Amino acid sequence: MFMPMKLFGVLAAIFLLAACQTTNFNFPSGQFTTSNPTKVSGLLFKPSGKGPFPAVVLLHTGGGFKGPVTDIWPHYLTGLGYVVLSVDTYGSRGVSHQANRAFLFDSRKWQSLDAYGALYQLSKLPYVDGNRVAVIGFSEGANAINLNLVPFNFGKQKGKVDFKAAISFYGGCSRALYKYSENDIPLMQIVAEMDTLYSSDCVKIGNSTSMEVHVIKGAHHAFDNPIISSLRYDPGGHSMLYDSDATIESEKLTKAFLAKHLGR
């Protein structure tokens with residue numbers, strides 16, 4: 001029996017929503033000291049069942065808390081059996097999106113601290129296996145991972161759990177990653193070939209013992225965001241464009257990488 005595509009899409013969305021539980025989730029940001037931590041908000045997505053489940057923390061782009069981290073990736077990952085906590089770093093501090101370049105230094109620090117705050121709170125939940133948690137960042141969220149969180153464990157508190165793996169989507173690769181070794185958190189870079197903002201540095205580093213670099217051919221920056229349905233350019237002239245095939249390829253890469261390092 002033929003089913004109109006619009007109706008099929010509605011039914012698929014209903015199925016996804018029914019398959020996982022979504023709740024607002026508040027937690028303190030990670031801190032070097034315990035005094036006055038920032039209260040951070042986010043969305044918690046839980047698969048059906050009792051667990052304990054492995055989990056994934058999602059860090060948003062410079063565009064703020066929307067799109068891939070509030071809908072697409074949480075539903076994909078819960079469908080694979082992961083608890084997902086999407087972190088609203090900007091909104092928790094009264095900011096909707098990246099304001100200017102000077103803003104980036106603080107925002108990357110905030111996202112790194114928030115990632116560890118999310119990890120610590122997830123590890124306390126009875127249905128989460130705190131020893132199997134990964135972090136995924138997109139654009140500025142990826143920069144927080146590549147610049148602070150992975151090479152320097154920025155925000156990690158001594159004696160507490162750490163991430164078991166990290167994935168950076170179309171982010172910049174810092175010089176610190178040239179010294180990446182098997183002693184560091186396993187890290188995967190998902191690079192868009194046509195991303196003139198960040199791709200070249202990651203490609204130069206290439207694969208190493210603990211870091212994988214995958215270049216998705218023909219893809220632009222923000223290729224997994226369907227809101228960007230036509231070619232757009234940021235103020236610096238860098239292109240952005242949604243690509244469904246690239247998104248599917250990145251989903252497969254993510255599924256395999258998480259299964260390898262979180263044991264699912």
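Colleague: What volume does the largest cavity have?

Modeller: About 40 Å³ in this predicted model. A cavity here is a set of points on a 1 Å grid over the protein atoms alone where a 1.4 Å probe fits but cannot get out. The volume is the space filled by probe spheres set on the points, which are joined across faces, edges and corners.

Colleague: Which residues line the largest cavity?

Modeller: Ser168, Tyr170, Gly171, Gln189, Ile190, Val191, Asp195, Tyr198, Ser199 and Cys202; lining residues have an atom within 4 Å of a point.

Colleague: Which element gives the largest share of that lining?

Modeller: Strand 7, with three residues. Strand 7 (187-192) and helix 5 (199-205) each supply at least two. Helices (H or I, at least four residues) and strands (E, at least two) are DSSP runs, numbered from the N terminus.

Colleague: New topic: is glycine 79 buried or exposed?

Modeller: Exposed, because its relative accessibility is 63%; exposed means over 50%, buried under 20%, partly exposed in between (1.4 Å probe, protein chains only). Glycine 79 belongs to helix 2 (residues 72-79).

Colleague: How far is glycine 79 from proline 47 in space?

Modeller: 6.9 Å, C-alpha to C-alpha, though they are 32 residues apart in sequence.

Key
Residues are numbered from 1 along each chain as its sequence is written. This is a predicted model: local features need pLDDT of at least 70, side-chain atom pairs count only at pLDDT 80 or more; totals for chains, interfaces and linings use all residues. Side-chain values use heavy atoms; hydrogens and water are left out. On a 1 Å grid over the protein atoms alone, a cavity is a set of points where a 1.4 Å probe fits but cannot get out, and a pocket is an open set with protein on both sides within 12 Å along at least five of seven lines; lining residues have an atom within 4 Å of a point.
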